[in-house]
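Dear colleague,

Please find below the structure that I am handing over to you, followed by an account of what was found in it. I would be grateful if you would read the two side by side.

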Amino acid sequence: MSEDMGLIVKTMARATIPLIGIFGAYVIAHGHITPGGGFQGGATIAGAGVLFLIAFGLREAEEHYNHKLYSVLEGLGGLTFLGASMLGLSVAFFYNVLWHKGGVFAGEPGTLLSAGYLPIMNLAVGLKVFTGLVSAMMAISLYRRWKE
Amino acid sequence: MKRTFGALALLFILGVLLIVAHPNYGLKFGLGGKEWQGYRYTDQYYIEHGIEEVGGTNIVTDIVFDYRGYDTIGEATVLFTAIAGAVALLRRWREDYE
Amino acid sequence: MIPLQFITAFLMLFMGFYAFLYKRNLLKLILALDVIDSGIHLLLISFGYRLEDGTLPTAPIYTGYETLKGTPMVGPIPQALVLTSIVIGVCVLALATALTINAYRHYGSLDINKLRRLRG
């Protein structure tokens with residue numbers, strides 16, 4: 001696992017990792033218009049992270065990974081999701097106050113800035129799923145059990 | 001002993017299949033027309049009133065995040081707990097520090 | 001006649017249960033858990049279909065806002081529940097893999113007939 005995988009695989013990985021990242025961001029951001037959403041887009045971007053770990057070896061991936069930043073981002077995503085559900089607490093617990101009262105997120109149904117707190121929740125859940133899956137993969141592959 | 005147990009498990013699962021999925025006395029596969037209005041009125045309410053109450057044109061996403069958002073909070077908690085437990089199990093132990 | 005979706009889901013359930021009962025390697029048991037989960041999800045989604053006389057039902061998404069007002073649509077509630085269940089399946093697999101790695105470190109083999117000593 002410590003060596004990389006040859007010149008052909010590394011060149012193809014350099015070409016396709018940004019494209020997978022852009023496609024995953026599109027699936028997350030248009031979650032309330034087209035099929036997709038938070039969980040699906042987060043799993044797609046985690047696929048790009050795992051491709052980086054496979055194609056470039058463990059030694060290269062360990063230099064670009066700091067576990068404190070990923071753990072802070074995962075907690076931040078969960079707290080944003082919980083905070084967005086408490087905005088309309090004066091009426092009910094999950095009340096969609098940004099859509100009924102007007103503001104930035106109250107456009108016409110079918111456009112990008114339309115459905116209340118749905119885009120905020122999609123971004124929070126996508127960030128949480130991506131950082132969680134990548135940090136679990138790095139914890140499994142960095143585990144040393146033999147003294148060599 | 002072990003082979004009879006496996007044969008009994010196979011017969012049990014196939015027997016449950018034959019009873020549950022029978023079109024006459026069991027779960028119905030594709031409801032339509034009058035039966036859809038009788039048995040699945042919740043689905044019909046979400047399809048009709050989904051856009052003017054929530055505002056998103058994707059009906060599945062606004063069931064997951066607005067009509068049944070409490071289940072999504074529980075699922076986010078389970079994901080966080082499982083990833084934290086898996087990372088905490090794979091740390092260094094006290095007895096093998098170099 | 002029984003529809004084809006149910007036969008496929010029950011075949012996947014049977015293969016998952018057979019592998020869970022008769023194999024001895026720990027990694028094969030973890031894969032069998034995943035196959036059982038996939039069979040259950042296929043069974044749940046196929047309960048939401050809808051057979052009309054004239055037209056075929058479409059997916060529950062209004063792309064153009066005014067064109068799809070009265071056409072029949074597939075039920076969206078089972079798809080929302082299966083989405084939650086897929087994520088919980090991934091969490092169970094992550095914890096099972098972490099526990100398998102620790103068990104291999106302590107006992108030296110992945111055979112479940114050899115994990116018998118209770119040690120502190």
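Within chain A, the mean pLDDT is lowest for helix α5 (residues 97–100), at 89, and highest for helix α1 (residues 7–29), at 95. The model is a predicted one, and chain A as a whole averages a pLDDT of 90, with 97% of the residues scoring at least 70.

For chain B, the average pLDDT is 84, and 94% of the residues score at least 70. Among the elements of chain B, helix α1 (residues 2–20) has the lowest mean, 78, whereas α5(B) has the highest, 94. Chain C has a mean pLDDT of 87, and 92% of its residues reach 70 or more. Confidence in chain C is lowest in α1(C), with a mean of 87, and highest in α2(C), with 94. Where pLDDT is low, the predicted coordinates should not be read in detail. For the complex, the predictor gives an ipTM of 0.88 and a pTM of 0.89.

Two packed helices are described by the angle between their axes and the distance between the axes. In chain A, the axes of helix α2 (residues 38–56) and helix α6 (residues 118–141) come within 8 Å and cross at roughly 30°. Angles under 35 degrees count as roughly parallel, and α2(A) and α6(A) are therefore roughly parallel to each other. The crossing in which α2(A) passes α6(A) is right-handed. On the α2(A) side, the contact includes Gly38(A), Gly41(A), Gly42(A), Ile45(A), Gly49(A) and Leu53(A). On the α6(A) side, the residues include Met121(A), Asn122(A), Gly126(A), Phe130(A), Met137(A) and Ser141(A). Sorted by class, this contact of α2(A) with α6(A) has 13 nonpolar, 7 polar and no charged residues.

In chain C, α1(C) and helix α2 (residues 26–45) pack at an angle of about 160°, and their axes are 8 Å apart. With angles over 145 degrees counted as roughly antiparallel, α1(C) and α2(C) are therefore roughly antiparallel to each other. Here α1(C) passes α2(C) in a left-handed crossing. Among the residues that meet are Gln5(C), Met12(C), Phe17(C) and Phe20(C) in α1(C), and Lys28(C), Leu29(C), Ile36(C) and Leu43(C) in α2(C). The contact of α1(C) with α2(C) divides into 13 nonpolar, 5 polar and 1 charged.

Chain B and its two partners

The domain assignment of chain B gives domain 1 (1–30) and domain 2 (31–92). Taken over C-alpha atoms, the centres of domain 1 and domain 2 of chain B are separated by 30 Å.

Chain B touches chain A through 18 residues, which are in contact with 27 residues of chain A. On the chain B side, α4 (59–67) and α5 (69–89) each supply at least two residues. The most comes from α5(B), with 7 residues. By class, the side of chain B that touches chain A has 10 nonpolar, 6 polar and 2 charged residues.

The contact between chain C and chain B takes 35 residues from chain C and 35 residues from chain B. On the chain C side, α1 (4–22) and α3 (77–107) each supply at least two residues. The largest share of that side, 14 residues, comes from α3(C). The side of chain C that touches chain B has 29 nonpolar, 4 polar and 2 charged residues.

One helix pair spans these two chains: α4(B) and α3(C) pack at an angle of about 60°, with axes 9 Å apart. The two helices, α4(B) and α3(C), are therefore oblique to each other. The crossing of α4(B) past α3(C) is right-handed. Val60(B), Ile63(B) and Val64(B) of α4(B) make this contact with Ile77(C), Gln79(C), Ala80(C) and Leu83(C) of α3(C). The contact of α4(B) with α3(C) has 6 nonpolar, 1 polar and no charged residues. The helix α4(B) is also one of those that supply at least two residues to the side of chain B that touches chain A.

With kind regards

Conventions
Residues are numbered from 1 along each chain as its sequence is written. Chains are lettered from A and ligands numbered from 1 in the order in which they are written. This is a predicted model: local features need pLDDT of at least 70, side-chain atom pairs count only at pLDDT 80 or more; totals for chains, interfaces and linings use all residues. Two residues are in contact if their C-beta atoms, placed from the backbone, lie within 7 Å. Helices (H or I, at least four residues) and strands (E, at least two) are DSSP runs, numbered from the N terminus. Ala, Val, Leu, Ile, Met, Phe, Trp, Tyr, Cys and Pro count as nonpolar, Asp, Glu, Lys and Arg as charged, and the others, Gly among them, as polar. Axes are lines fitted to C-alpha atoms, for helices over the stretch in contact, and angles run from 0 to 180 degrees between N-to-C directions. Angles under 35 degrees count as roughly parallel, over 145 as roughly antiparallel, 65 to 115 as roughly perpendicular and the rest as oblique. A crossing is left-handed if the near helix is turned anticlockwise from the far one by less than a right angle, and right-handed if clockwise. pLDDT is the predictor's confidence in each residue, from 0 to 100. Domain bounds come from an automatic or database domain assignment.
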